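Okay, thanks everyone, I'll keep this short. Let me put the sequence and the model up, and then we'll walk through some side chains.

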Amino acid sequence: MAFDRIAVLGAGAWGTALANVVTRAGRAVTLWARDPAIAASLAKQRTNPRLPGVTLDENVVVTEDIACAGQADAVLIVVPAQTLRTVARAIDQVTRPATPVVACAKGIERGSRKFMTEVITECAPRAAPAILSGPSFAADVARGLPTAVTLAMRDEKRVGQLAGALGSATFRLYHSTDVRGVEIGGAAKNVLAIAAGIVAGRKLGASAAAALTTRGFAELFRFGKAFGARPETLTGLSGLGDLILTCSSPQSRNFSLGIALGQGRAIGEMQSHQLAEGIDTAPVLVELAMSKKIDMPIASAIAAVLGRQMSVDQAIDSLLTRPFRAEH
């Protein structure tokens, strides 16, 4: 397939950035906004307040009508993980059978404990589910700065074709059939980034930050292996690569949230204007880990802090006083 027509569902910072980069790749792009007022503003002003200084490409068609997805050769769902189900249900009746539907959120659904492609399969059973993840910030992608991410889908031939259609010189898409591995890397790193932010906010030093990131990756790797992820995926862009980026830059919402927690701010005063996917993912990640008896002390401590079951100081103490053990 040529994949000439792409629908991007979700007009936040990441959706707007992807609309721009896919248009630059030579595709016809329609950007859907749920709110008619936002759609009208984007169509007229060609700017998104969540991406200051970035102009929406003039060739991107903005709409409030989700039926536009029915004309697309592939659909990118660019909404938060906990609202992906609603959008997936809405497109089920408007897309053609076997249309690739790509989740661009990094998380696990609360309640169901389902990964993003599992949600798509349940809500849009005629679709071909896929996942896009990797070390990327919306502002960098929107401005055309070099970025490399991973696109995963179980059909090896089609995922290669779709990656070729969406990618460009500055937005490199590596493709994979390891859907679960790509999903796990994106979801787990958000939780670990909160922990890294706490280290920064508490001013525990660069050595502690390096230790946290390394031991956090060990947790991610154990979790991924238990759920069938390939080692090369976990050590690749969507695993280790995304973890390194998210644990080291204030551009990351999860890292910034952790910094604020480390500085003593309350969760409630920080979530009103920025979405940090790790907040919802942390308890589900720990629940899934417990179901397979996977040791994830860092993720468990973050889930306890977010659930107000433990203070930041108590969480730090719980990690520092763990028994010494061999590294393996």
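So, start with the side chain of Glu219, which reaches the backbone nitrogen of Ala299 at 3.2 Å. Keep in mind as we go that this is a predicted model.

Where does Glu219 sit? You'll find Glu219 in helix α8, which covers residues 206–226. And is Glu219 buried or exposed? Its relative accessibility is 1%, and the cut-off for buried is under 20%, so Glu219 counts as buried.

What's around it, then? If we skip the neighbours within four places in sequence, Glu219 is in contact with Leu192, and also with Asp295, Met296, Pro297, Ile298 and Ala299. For a sense of scale, take Gln93: that residue is 126 residues away from Glu219 along the chain, and the two C-alpha atoms are separated by 39 Å.

Okay, on to charge pairs. In general, side chains of opposite charge can pair when their charged atoms come close. How many salt bridges do we count here? The count comes to 14, and I'll pick out a few.

Here's one: Arg180 with Glu118, where the closest N and O atoms are 3.3 Å apart. Arg180 is in helix α7, residues 179–201, while Glu118 is in helix α4, residues 116–123, so this pair ties together parts that lie 62 residues apart in sequence. As for burial, Arg180 has 15% relative accessibility and counts as buried, whereas Glu118, at 29%, counts as partly exposed.

Next, Lys189 and Asp242, whose closest N and O atoms are 3.9 Å apart. Lys189 belongs to helix α7 and Asp242 to helix α10, residues 237–246, so the parts being tied together are 53 residues apart in sequence. Both Lys189 and Asp242 are buried.

Then there's Arg202 and Asp313, a salt bridge with its closest N and O atoms 2.8 Å apart. This pair links distant parts of the chain, 111 residues apart: Arg202 is in the loop between α7 and α8, and Asp313 is in helix α14, residues 312–320. Arg202 is partly exposed, with a relative accessible area of 28%, and Asp313 counts as partly exposed at 43% relative accessibility.

One last thing before I hand over. Which residues are linked in a network of salt bridges? Have a look at Arg85, Glu109, Lys114 and Glu122, which are linked in such a network.

That's it from me.

Notes: Residues numbered from 1 in each chain as written. Predicted model: local features only at pLDDT ≥ 70, side-chain atom pairs only at ≥ 80, totals over all residues. Heavy atoms only, no water. Helix = DSSP H or I, 4+ residues; strand = E, 2+ residues; numbered from the N terminus. Buried < 20%, exposed > 50% of the residue type's maximum accessible area, 1.4 Å probe, protein only. Contact = heavy atoms within 4.5 Å. Polar contact = N/O pair within 3.5 Å; in protein donor to acceptor, adjacent residues only side chain to side chain. Salt bridge = Lys/Arg side-chain N within 4 Å of Asp/Glu carboxyl O.
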